[in-house]
Amino acid sequence: MHLLLLSLSVGTAYRSYFASFWHYSHIRIRTAHKKYSLSRGLDTKMEKVTSTLKTAAGGAMDAAHSMTGYNAKEKDLEKNTRIANDPNRAMTTDFGVNVDNTDVWLKVAGSQRQGPMLLEDAVAREKLQRFDHERIPERVIHARGTGAHGYFKLFDPIPEYSKAGILNDTTRKTPVFVRISTVQGSRGSADTVRDVRGFAIKFYTQEGNWDLVGNNIPVFFIQDAMKFPDIIHAVKPEPHNEIPTGQSAHNNFWDFQYLHTEATHMFMWAMSDRSIPRSLRMMQGFGVNTYTLINAKGERHFVKFTWTPTLGVHSLVWDEALKIAGQDPDFHRKDLAEAIEAGVYPTWKFGVQVLPESRQDEFDFDILDATKVWPEDKIPIRYIGELVLDRVVDEFFTEVEQVAFCTSHIVPGIGFSDDPLLQGRNFSYFDTQISRLGVNWQELPINRPVCPVMNFNRDGKMRHTISKGQVNYWPNRFDAVPPNPPKSTALVDYPEKLVGIKARLNSPKFKEHFKQARMFYNSLSPHEQLHVQKALSFELDHCDEAIVYNRMCQRIADINPALAAIVTSNVGGEPIEEKSINKPTEADLAIPPTQGISQTEFIPKIPTIVTRKIAILLADGYDQSAMDHIYAAIGAAGAIPMIVSARRGVVNPDPSSASATLSSSKKGWRASHNFEGIRSTLVDAVLIPPMNASAAKSLQASGRALHFIREAFGHLKPIGALGSTAVTLLRDRALSDLKPPSLTAPAPGTTPAKTSLLQFSAGAEAVASYGVVTQERFDSTKEGFGEKWKMAKDEVSFIGKFFYQISQHRCWERELDGLADRVPF
């Protein structure tokens, strides 16, 4: 039996892999002429290998972290951490007294009858009273979220723009805490709803905390912070019935969108794939607002901040997102935690768009308007650092729920612009944290800085710090705790020159609300435009007041009349008025696309399937030898094989295919899920391995198994079938709806018509058609198992072709050409 090995040393490859986080090229495997058992116990062996590799990688990471001081925040948190599952610790009250019973209230008890409970039982009263007060006020927005610890590393210093240490010192590894959240829903809502995602980062820098509080979409619904209550009230559940939860598909939201034209650009983003990310690890983050950078010379530049994931920017499809919300409402939370715990740390590149003050007025939009992007073709992004998340939280409440962010928290070298949304956020966020957590919220372990803190702020509820001394004011007779000199590392405001009048005004450029909405739509790929059409059709279909959806159809016509015509037809709207004051001209509709809008631009240049989940459908009678190689190849590529069968437990192989070296105590591969316990929505691809006729018959007779395949096809996921029975199952049973009607004989001299909308393998050649990869005849010692293979579009091996399709995320052509609509799912 041949052992699959990586071309590089496995240990070296994985250590390099974990250290550089996916920055390696394609994976190759070769055969080693060494007998080794890839038997039914291979999964156990792989687990041991993986565990060893993780331990080695983890040790290297820990050593690097300790050398750079990266663990400063972790050590700070240890001061307040206790181990709840320590068997050597006995139970006490909150005031430290040992407890002998925590199950039965102290009472007057007779030998035969129950007596009254006694109020004097301090232990019981404490237990219930503490429970009664466990909850704190839920966040008004961003209530549903998750978080993780990590670090930020700078690669390219920018002293010409900023004097901030975090943006200049490449030797630092600054600890961070990141919280990612939805906006509309309550704390108990689902992860995969259509919504903006909050992307907030707390940098524990040597100069103090810097909070960069943004979203996964670069613009917002409003220009001025005074409109915050209105947009949030409009998107939240309607006040008369508290419906809907976690959705914008209702009358109030779309009523506001029409009447508040500055929201036009943002709602186009919200209706795009950006609002249903495949994973929190696969979405961008944006600072949204315009900030400033100040260098050591006192010169100021405007800046916008961007985070781009190294895994690419990918989304779910809408039907899939809806189903996951019910099947696994914690989908995104679990995905993030599982990746970190597996040692496959999520990473983002950190970029800046920098603009000198002299260029502030050269654009047709105001650079301080948060409803506008800075087009990358005019103001390029410069990537200067990396964000890595490498540690899950120890306790959700004390870290994820009590972490609090403020846009007003900046460090020297970073400043505020006159962005009116940012100016209001600076007030509102701090005020909100006081409401939720109390005036001393910054003393909570997750919020406190790692650098020294000293001032004369005093008292208030839940004060933790003990300030020893005789004075609590400045100036004082001891000259204690003086302000820092202006030329030190102190935070000093930029001396901006201002001339104006006191009035409720924005600049004239703030009044234009449609150009960038048109630019956004024109920048999308065809399948992304189709998804916007479908999203608007879904949302407005849930508006039951005609005035709401009719007005919105008119608003969409102000962006793109062709788009509006489709949506209007779908939702039963009235004909579009031709005399709209915002009707676009031909020049308006011809606004050229810009970079950085379409998610297709962010597919990694080097194909990777790291952390992708591949469902392998098994039944009794599968080919043991082929299955062993397939499982190992998937693991070697960094993906996650998930065996699904009619039952969870051991699945028996075809006896004729079993390896000679198999231990008699090992009966076969173990399925981790049954068809009732998991759906195709929770995986990235589906594979049907070689099997005998009996196994294929079992799968053909299972409605759940057929639905699993059809649903994956409908959700545009890669599907692989290897071996004649697997290909037949896929072609003639699971995807039989794609067979065309009977065809007449071609005319003499003409090319015969295709016999299927999909092309399937009919021999030893691997065929990829609309993301479906098949190979009818194969040799497990040659077909990309024992020879070198790579993830590439032109790869000839079955494994290489299948993995490449997975690396592309979805087959959008399957949707555009109408194939997905022909399969019931």
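How do the residues of the lining of the second largest cavity divide into nonpolar, polar and charged? They divide into 10 nonpolar, three polar and two charged. Here Ala, Val, Leu, Ile, Met, Phe, Trp, Tyr, Cys and Pro count as nonpolar, Asp, Glu, Lys and Arg as charged, and the others, Gly among them, as polar.

This is a predicted model, in which local features need pLDDT of at least 70, side-chain atom pairs count only at pLDDT 80 or more, and totals for chains, interfaces and linings use all residues. Residues are numbered from 1 along each chain as its sequence is written, and side-chain values use heavy atoms, with hydrogens and water left out.

**Cavities and pocket**

Rolling a probe the size of a water molecule over the atoms shows where empty space is left. On a 1 Å grid over the protein atoms alone, a cavity is a set of points where a 1.4 Å probe fits but cannot get out. A pocket is an open set with protein on both sides within 12 Å along at least five of seven lines. Lining residues have an atom within 4 Å of a point. Grid points are joined across faces, edges and corners, and a volume is the space filled by probe spheres set on the points.

By this rule there are eight cavities of 30 Å³ or more.

| Space | Volume | Lining by class |
|---|---|---|
| Largest cavity | about 200 Å³ | 10 nonpolar, six polar, three charged residues |
| Second largest cavity | about 160 Å³ | 10 nonpolar, three polar, two charged residues |
| Largest pocket | about 2,200 Å³ | 16 nonpolar, 11 polar, 16 charged residues |

The largest cavity has a volume of about 200 Å³. It is lined by 19 residues, and Pro218, Phe286, Gln353, Val373 and Trp374 are the closest to its centre. Strand β9 (residues 300-309) supplies the largest share of this lining, three residues. Helices (H or I, at least four residues) and strands (E, at least two) are DSSP runs, numbered from the N terminus.

The second largest cavity holds about 160 Å³ of space. Of its 15 lining residues, Asp195, Val196, Phe221, Val235 and Phe253 lie closest to the centre. Helix α5 (residues 228-235) gives the most to this lining, with three residues.

The largest pocket has a volume of about 2,200 Å³. Its lining has 43 residues, of which Arg82, Asp94, Arg130, Glu395 and Thr398 are the closest to its centre. The elements that give two or more residues are α4 (122-132), α10 (396-401) and α11 (420-437). α4 gives the most, with five residues.

**Helix contacts**

Axes are lines fitted to C-alpha atoms, for helices over the stretch in contact, and angles run from 0 to 180 degrees between N-to-C directions. Angles under 35 degrees count as roughly parallel, over 145 as roughly antiparallel, 65 to 115 as roughly perpendicular and the rest as oblique. A crossing is left-handed if the near helix is turned anticlockwise from the far one by less than a right angle, and right-handed if clockwise. Contact means heavy atoms within 4.5 Å.

The axes of helix α6 (residues 251-259) and helix α14 (residues 546-559) come within 9 Å and cross at roughly 40°. The two are therefore oblique to each other. The crossing of α6 past α14 is left-handed. Asn251, Trp254, Asp255, Gln257, Tyr258 and Leu259 in α6 meet Val548, Arg551, Met552 and Arg555 in α14. By class, this contact has five nonpolar, two polar and three charged residues.

α14 also pairs with helix α15 (residues 561-571): their axes come within 6 Å and cross at roughly 160°. That makes α14 roughly antiparallel to α15. This crossing is right-handed. Tyr549, Cys553, Ile556, Ala557 and Ile559 of α14 make the contact with Pro561, Leu563, Ala564, Val567, Thr568 and Val571 of α15. The contact of α14 with α15 has 10 nonpolar, one polar and no charged residues.

**Backbone geometry**

Most residues other than glycine have a negative phi, and most peptide bonds are trans. The peptide bond from Ile243 to Pro244 is cis, with omega near 0°. Pro244 sits in the loop between α5 and α6. Trp474 and Pro475 are also joined by a cis peptide bond, with omega about -5°. Pro475 is in the loop between α11 and α12 (515-523). His142 is not a glycine, yet has a positive phi of about 60°. His142 lies in the loop between α4 and β3 (145-154).
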